[in-house]
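Hi,

Here is the structure I promised to pass on to you. Have a look at it first, and my notes follow below.

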Amino acid sequence: MDRETEILNKYDDIFCNLPKKGSLKFGNSLVKVSSISSQYYCEKKLELQNEFPLPPTEQMQQGTEGHETAISLAEPVSKEEAVQEALKEKEKAEPIYEFGIAWIHRGVPIIGRVDEAWFRGGSVDLVVERKFSNSLTIYSPYHVQAQLYCLGLGEMGFDISTTKYRIIVFRPSCRECEMLIERVCPIFNLDKMDFDCDIGEAGAFMYPFKKEETIRDLDWAIEYWLGKREAVSTKNHSKCRVCEYKNMCGSSLVKLP
Ligand code: SF4
């Protein structure tokens with residue numbers, strides 16, 4: 001079997017064999033990479049979000065809109081075309097946007113969509129994760145998410161032995177910017193670490209992918225989905241202070257009046 005068929009078969013096997021009602025937490029049959037990264041913000045919050053869903057906050061909506069703005073020019077491609085392109089031999093790596101991934105870890109199907117994966121002959125040179133936030137700081141859930149994308153690409157059959165990942169954080173105001181929509185903002189240049197203009201500001205940071213660390217993070221997260229432990233709440237007061245669940249959360253660190 002050639003490499004292309006092997007990768008596509010792996011992907012299809014996961015989706016064709018999903019149980020209707022899963023045995024994971026909340027009756028799920030799979031776990032999204034984005035949910036795992038939320039566990040590293042506050043697992044208790046993730047639990048409350050599933051049990052008592054609230055309408056999205058303004059900040060969440062801005063994040064989603066910003067993300068959609070950034071992908072709006074991405075050419076829609078089928079998974080067959082994307083895998084074919086990823087395996088193509090070329091001198092310099094080129095990005096594929098919104099690359100779908102799926103793999104099984106300890107019997108649990110995990111799925112995700114990579115903002116940008118830069119491929120060259122089946123090797124992943126770079127994974128790019130974009131965030132929209134009032135703070136340009138890189139938080140641990142961002143690392144978890146980007147590194148899980150690297151791991152997932154490896155599990156699908158791509159070479160991740162030299163993969164790096166880049167996290168770009170944009171101010172929410174950037175989502176209005178034409179330069180972002182047309183992907184000509186200078187921050188998209190791989191050697192640019194920061195950029196600001198009249199509309200907004202962005203910072204970009206590059207890191208080496210660490211496989212062992214990522215598997216350890218994933219193992220910890222999966223224990224929760226398998227029902228082997230209770231949700232762990234944050235130890236950071238400031239997260240509780242801005243949390244929309246602080247009034248109903250028994251673990252909140254904020255004293256209510
Ligand atoms: S109040 Fe604090 S501990 Fe409770 S869900 Fe929100 S962030 Fe987590």
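Around the ligand there are 15 residues, of which Cys42, Cys240, Cys243, Cys249 and Ser252 come nearest (a residue is near a molecule if its C-beta atom, placed from the backbone, lies within 6 Å of it). Two elements each give two or more residues to this shell: helix H2 (33–51) and helix H8 (237–241). The largest share, four residues, comes from H2. Helices here are DSSP runs of H or I with at least four residues, strands are runs of E with at least two, and both are numbered from the N terminus.

By type, the shell holds seven nonpolar, four polar and four charged residues. Nonpolar covers Ala, Val, Leu, Ile, Met, Phe, Trp, Tyr, Cys and Pro, charged covers Asp, Glu, Lys and Arg, and the others, Gly among them, are polar.

Please keep in mind that this is a predicted model: local features need pLDDT of at least 70, side-chain atom pairs count only at pLDDT 80 or more, and totals for chains, interfaces and linings use all residues. Residues are numbered from 1 along each chain as its sequence is written.

Now for the backbone. Most residues other than glycine have a negative phi. Arg106, in the loop between strand E2 (94–105) and strand E3 (108–120), has a positive phi near 50°. Arg106 counts as exposed because it has 11 C-beta neighbours inside 10 Å (exposed means 12 or fewer other C-beta atoms within 10 Å, buried 20 or more, partly exposed in between, with C-beta atoms placed from the backbone). Arg183 also has a positive phi, about 55°, and lies in the loop between helix H6 (178–181) and strand E6 (194–196). With 14 other C-beta atoms within 10 Å, Arg183 is partly exposed.

Best wishes
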